Amino acid sequence: MGPLHLHNDEGRKVGKIYYSLVFAFLLLSFPVIMNKTFADATVMRVEPADIQNIAVGQSFTVNLTVANVPAIFTWQIMLSYNSTTLNCTGGVYPTAGGIFAGHTIIPVAPVIDNKVGSVSFGASLSGSDITSGSGILCQITFKVNATGTSGLKYSTPYGADTFLLDGDLNVAPASTEDGFFSNVVTPPTTHDVAISNL
């Protein structure tokens, strides 16, 4: 039997069916690919992201975390806040759940500026060590000075004062998610009641 020859019309039909199937496959696969891409993206967060109703004079602590980092050798953060409402009182490395847990680190002291409203902190592994995954970078404590609100914001642009470095000391791509503090109590809504009948 000789080779199969398709007439032009039949060839066009087969081609349309083939490309339609390829297009349908890509269309179905696209959400899966995109969801995996977003799910695996590296994110630096303030946790909890929403801090409410801490009284004046009291303190609270937030975790600065990283998720899904493929390789990390060094990290640094700069977090800004409203110094009228909050004062930063310290920053420490976590005793459990840290991204560098079980590794030898080169520690530094946090740099706190309660006039400007910023705290900088960081750490690096030693030698050629490297790690990956998710965990706590550090814990930052604030004292509430006054009634008000304050963002807890990573510095921008990412890569300047806030960054993650991989084993080759390149800035690792990451997004940041800020936090927010408020102890402002919204007064209840009042309604005037008119007496129309006695």
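Is Arg-45 buried, exposed or partly exposed, and what is its relative accessible area? Arg-45 is partly exposed, with a relative accessible area of 26%, where buried means under 20% relative accessible area, exposed over 50% and partly exposed in between, using a 1.4 Å probe and protein chains only.

The views below come from a predicted model, in which local features need pLDDT of at least 70 and side-chain atom pairs count only at pLDDT 80 or more, while totals for chains, interfaces and linings use all residues. Residues are numbered from 1 along each chain as its sequence is written, and side-chain values use heavy atoms, with hydrogens and water left out.

**View 1. A salt bridge joins Glu-177 and Arg-45.** The count of salt bridges comes to one, a salt bridge being a side-chain nitrogen of Lys or Arg within 4 Å of a carboxyl oxygen of Asp or Glu. In this pair the N to O distance is 2.9 Å. Because Glu-177 lies in strand β12 (residues 175–177) and Arg-45 in strand β1 (residues 43–47), the pair ties together parts that are 132 residues apart in sequence. Strands (E, at least two residues) and helices (H or I, at least four) are DSSP runs, numbered from the N terminus. Glu-177 is partly exposed, with a relative accessible area of 37%.

**View 2. Thr-65 sits in strand β3 (residues 59–72).** Thr-65 is buried, its relative accessible area being 8%. Leaving aside residues up to four places away in sequence, Thr-65 touches Val-43, Met-44, Arg-45, Glu-47, Gly-135, Ile-136, Leu-137 and Tyr-154, where contact means heavy atoms within 4.5 Å.

**View 3. Phe-60 and Phe-181 form a stacked aromatic pair.** The count of aromatic pairs comes to six; rings of Phe, Tyr and Trp (its six-membered ring) pair if their centres lie within 6.5 Å, and planes under 30 degrees apart count as stacked, over 60 as edge-to-face and the rest as tilted. For Phe-60 and Phe-181 the distance is 5.3 Å centre to centre, with 5° between the planes. This pair links distant parts of the chain, with Phe-60 in strand β3 and Phe-181 in strand β13 (residues 179–182), 121 residues apart. Both Phe-60 and Phe-181 are buried.

**View 4. Tyr-93 and Phe-121 form a stacked pair.** Their ring centres are 4.8 Å apart and their planes lie at 20°, so the pair counts as stacked. Tyr-93 is in the loop between β5 (86–92) and β6 (105–107), and Phe-121 is in strand β8 (residues 118–125), 28 residues apart. Tyr-93 is partly exposed at 23% relative accessibility, whereas Phe-121 is buried at 4%.
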